[in-house]
Amino acid sequence: VVDKQSFKNVKKWYKIIQDQIGDSAALILVGSKIDLRNDNGNNKNHITYLEGLKLAFELNINFFFEISNKSVSIHSIDDVIDTIICEVLFQKDSKKY
């Protein structure tokens, strides 16, 4: 969430995934290093939670997490991994029917 260029690259990476895999990919958007974000809004290079959420919605990505390994955050990397596992298993199960 502290690198505007990485945030801009998400659309490019999304297009590459769509071109290679199509809509079958389980996608999760993760903003990392939230402990480095200046929440008072003074740094225009930092991505806000709402900007990340808006991008996830725009790209039709069902999950958006913000995480940090250096501070307490609402979500942890374990939450992200659990969500990925559930999404993959759900997609696998839904293809049986």
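**Entry 1**

I placed leucine 89 in helix H3, residues 77-94. Leucine 89 has a relative accessible area of 46%, which makes it partly exposed. The classes I used are buried for under 20% relative accessible area, exposed for over 50%, and partly exposed in between (1.4 Å probe, protein chains only).

**Entry 2. Basis of the values**

The model is predicted: local features need pLDDT of at least 70, side-chain atom pairs count only at pLDDT 80 or more, and totals for chains, interfaces and linings use all residues. Residues are numbered from 1 along each chain as its sequence is written, and side-chain values use heavy atoms, with hydrogens and water left out.

**Entry 3. Whole chain**

I listed the secondary structure and got three helices and two strands. Read from the N terminus, the order of elements is α-β-α-β-α. Helices (H or I, at least four residues) and strands (E, at least two) are DSSP runs, numbered from the N terminus. The chain has 97 residues, of which 28% are buried.

**Entry 4. Salt bridges**

I searched for salt bridges (a side-chain nitrogen of Lys or Arg within 4 Å of a carboxyl oxygen of Asp or Glu). The structure holds three.

Lysine 4 pairs with glutamate 51, with the closest N and O atoms 3.5 Å apart. Lysine 4 lies in helix H1 (residues 4-20) and glutamate 51 in helix H2 (residues 49-58), so this bridge ties together parts 47 residues apart in sequence. Both ends are partly exposed: lysine 4 has a relative accessible area of 23% and glutamate 51 one of 29%.

Glutamate 58 and lysine 11 form another bridge, at 2.8 Å from N to O. Glutamate 58 belongs to H2 and lysine 11 to H1, so this pair too ties together parts that are 47 residues apart in sequence. I noted glutamate 58 as partly exposed at 45% relative accessibility, and lysine 11 as partly exposed at 43%.

The remaining entry is lysine 15 with aspartate 19, whose closest N and O atoms are 3.0 Å apart. Here both residues lie in helix H1, four residues apart, about one turn of the helix. Lysine 15 and aspartate 19 are both exposed.

**Entry 5. Nonpolar core**

I then looked for nonpolar cores, taken as sets of buried Ala, Val, Leu, Ile, Met, Phe, Trp, Tyr and Cys residues joined through side-chain atoms within 4.5 Å. The largest has eight residues: Val10, Tyr14, Leu29, Leu55, Ala56, Leu59, Ile61 and Phe64. H1 and H2 each supply at least two residues of this core. Leaving out residues up to four places away in sequence, alanine 56 touches Leu29, Ile61 and Phe64.

**Entry 6. Aromatic pair**

I checked ring pairs of Phe, Tyr and Trp (its six-membered ring), with centres within 6.5 Å; planes under 30 degrees apart count as stacked, over 60 as edge-to-face and the rest as tilted. There is one aromatic pair. The rings of tyrosine 49 and phenylalanine 64 have centres 5.3 Å apart and planes at 45°, so the pair is tilted. Tyrosine 49 is in H2 and phenylalanine 64 in strand S2 (residues 63-66), so the pair ties together parts 15 residues apart in sequence. Tyrosine 49 is partly exposed at 39% relative accessible area, whereas phenylalanine 64 is buried at 12%.

**Entry 7. Two single residues**

I looked up threonine 83, which sits in helix H3 and is buried, with a relative accessible area of 14%. Apart from neighbours within four places in sequence, threonine 83 contacts Ile28, Phe63 and Phe65.

I also noted asparagine 60, whose phi is near 60°, a positive value in a residue other than glycine. Most residues other than glycine have a negative phi. Asparagine 60 lies in the loop between H2 and S2 and is exposed, with a relative accessible area of 64%.

Note on methods: Contact = heavy atoms within 4.5 Å.
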